[in-house]
Amino acid sequence: MSSPGSPDGSQPWLHQRGREIQGFGTVRQFPIGLSSDTRMYSCERLNRVLADTQILYPLYKKYHWLMRGPTFYQLHLLLDKHAGEQLALVDMLAERVQTLGGVAVGDPRHVAEITRVPRPPNGAEEVPAMLSRLLEAHELILIDAHDAAKRIGEMGDDGSNDLLVSNVIRTGELQAWFLAEHLVEVPLVRT
Ligand SMILES: [Fe+2]
């Protein structure tokens, strides 16, 4: 039976709006043995890495699409593989923020306000320049992740420290290696 004023039968309630029930930058109290201050700090640092990773992911897709030249196929596939791995990190980071009682940055327009990864031109650049941008984004994230992991670890948040070290840093370092090898000038046919 429907209550007064509600739609009848199976009609969904549409066009609903409500107040914000948790503000960005706040944490709820979860019984996981970590203080509110520790969780607040971890969420702030994780959200920054999350925002940068949310930019690195589409940057990889952009260059996966815009790739060109004799190594097109190899780089087209490699960049897509890296994109997929970065997307997995996005989910891990966001869910870690939620695990700590925080609010993960999600909307791309909010992400753009937080990230420090420089915006590339909307068009295509030469291949080495596109690869260089990816490497620079990796290093920016890695420097931040090392610092965040150290401080977060000192505050006792071992889970976030592990995520940053085992996933963000290890993945980023490996991807940077694979990219950097494409910027080494070596003879392909004759020495
Ligand atoms: Fe594709």
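Student: Which residues does Q22 touch, not counting residues up to four places away in sequence?

Tutor: Q22 touches V27, R28, G101, G102 and V103, where contact means heavy atoms within 4.5 Å. This is a predicted model, in which local features need pLDDT of at least 70 and side-chain atom pairs count only at pLDDT 80 or more, while totals for chains, interfaces and linings use all residues. Residues are numbered from 1 along each chain as its sequence is written, and side-chain values use heavy atoms, with hydrogens and water left out.

Student: Why is Q22 called buried?

Tutor: Buried means under 20% relative accessible area, exposed means over 50%, and partly exposed lies in between (1.4 Å probe, protein chains only). Q22 has 18%, so it counts as buried.

Student: What makes the link between the side chains of Q22 and R28 a polar contact?

Tutor: A polar contact is a pair of N or O atoms within 3.5 Å; within protein, one must be able to donate a hydrogen and the other to accept it, and residues adjacent in sequence count only if both atoms are side-chain atoms. The side chains of Q22 and R28 make such a contact at 3.3 Å. A polar atom of the Q22 side chain also lies 3.1 Å from the backbone oxygen of T26.

Student: How many aromatic pairs are there?

Tutor: Rings of Phe, Tyr and Trp (its six-membered ring) pair if their centres lie within 6.5 Å; planes under 30 degrees apart count as stacked, over 60 as edge-to-face and the rest as tilted. The count is one aromatic pair. The ring centres of W177 and F178 are 5.0 Å apart and their planes meet at 75 degrees, so this pair is edge-to-face.

Student: Why is W177 called partly exposed?

Tutor: Its relative accessibility is 48%, so W177 counts as partly exposed. F178, at 35%, is partly exposed too.

Student: Which residues lie nearest the centre of the largest pocket?

Tutor: A pocket, found on a 1 Å grid over the protein atoms alone, is an open set of points where a 1.4 Å probe fits, with protein on both sides within 12 Å along at least five of seven lines; lining residues have an atom within 4 Å of a point. The largest pocket has 15 lining residues, and T71, H182, L183, V184 and L188 lie nearest its centre.

Student: And which lie nearest the centre of the second largest pocket?

Tutor: Those are I55, L59, P118, R119 and P120, among 13 lining residues.
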